[in-house]
Amino acid sequence: ELEGNKEQPDCISSVIPGWFSEISPMWPGEAHSLKVEKVLFQGKSEYQNVMVFQSSTYGKVLVLDGVIQLTERDECAYQEMITHLPLCSIPNPKKVMVIGGGDGGVLREVSRHSSVEHIDICEIDKMVVDVSKQYFPEVAVGYEDPRVNLHIGDGVAYLKAAPEGTYDAIIVDSSDPIGPAQELFEKPFFESVAKALRPGGVVCTQAESIWLHMHIIEDIVANCRQIFKGSVNYAWTTVPTYPSGVIGFMLCSTEGPPVDFKHPVNSIDANDSHNKSRGPLKFYNPEIHTAAFCLPSFAKKVIERK
Ligand code: SAM
């Protein structure tokens, strides 16, 4: 049993009493709000404030430093896309690394792939793992897969020390670049990613919103074009409880066998035993995979210019 403190969390809004409002300098002048039925947990880890509440319309909600990380209702859109966009773009992924993602949802999705033999995850904050296991069992179920090896620590240091050419795919499921995840958006980290991937290996990183963060996206794209000599792409999906309702991903490959991210080469076999035990996919399909790379003109102009 986790012990949390029982006071009213600061981020229960004084804007609309009894509602959670997501206020951050990363999206000035707006604050998405959810009605709170009950605060289930709040605690302070070495790295961040951790809170779980029961919302009235999105199920349970995980919040880190006042920012929504997932809700039971729409987590499928994020976890399935950040995982299957990279893993369905290469034949037979075997070794997969997840950075961040302590809730276990990306692990749940990686484990649908029967070709995968080994999954490393490096999450900085053990409290996120423990809270997810207690309050989000359908997300944390990913940890039950015997192929998973959990490392608690900084993903930046972990990858820097990883032997060259180790992974077929690296998935960076990070929080926003304020706080412990800041370095996960910087050039030296992407250099470590490229080094840890095999030739023709792929990375998929959480890459913010085209409505709110074009300047951050521009920087990431510029860095990735310098570092990844295979292909560099931006894809996006809809997640209603993320700021602006959308979230993007940077998908890149290293020099080697070419990867055409827009045309998946793998499907997820509905009859495969690994997949069956996870229940059906709720969001991802091959059509939405291809569609995710179509960008609105304003974003296309900036991303393709870089
Ligand atoms: N999977 C979630 C979803 O469905 O939207 C998203 C976010 S996930 C909980 C982000 C995780 O990245 C957090 O648990 C955070 O502790 C972790 N993290 C942040 N910085 C990190 C770092 N430098 N190394 C490893 N993990 C980090």
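A polar contact here is a pair of N or O atoms within 3.5 Å; within protein, one must be able to donate a hydrogen and the other to accept it, and residues adjacent in sequence count only if both atoms are side-chain atoms. With that in hand, let's visit the ligand.

This is a predicted model, where local features need pLDDT of at least 70, side-chain atom pairs count only at pLDDT 80 or more, and totals for chains, interfaces and linings use all residues. Numbering runs from 1 along each chain as its sequence is written, and side-chain values use heavy atoms, without hydrogens or water. The complex receives an ipTM of 0.93 and a pTM of 0.94 from the predictor.

Start at Glu123, where a side-chain N or O atom sits 2.6 Å from a ligand oxygen. Gln69 uses its backbone instead: an N or O atom there is 2.4 Å from an oxygen atom of the ligand. At Ala181, a polar backbone atom lies 3.4 Å from a ligand nitrogen. On its own the ligand has 590 Å² of accessible area (Shrake-Rupley method, 1.4 Å probe; for residues, only the protein chains shown count as cover), and the protein covers 99% of that.
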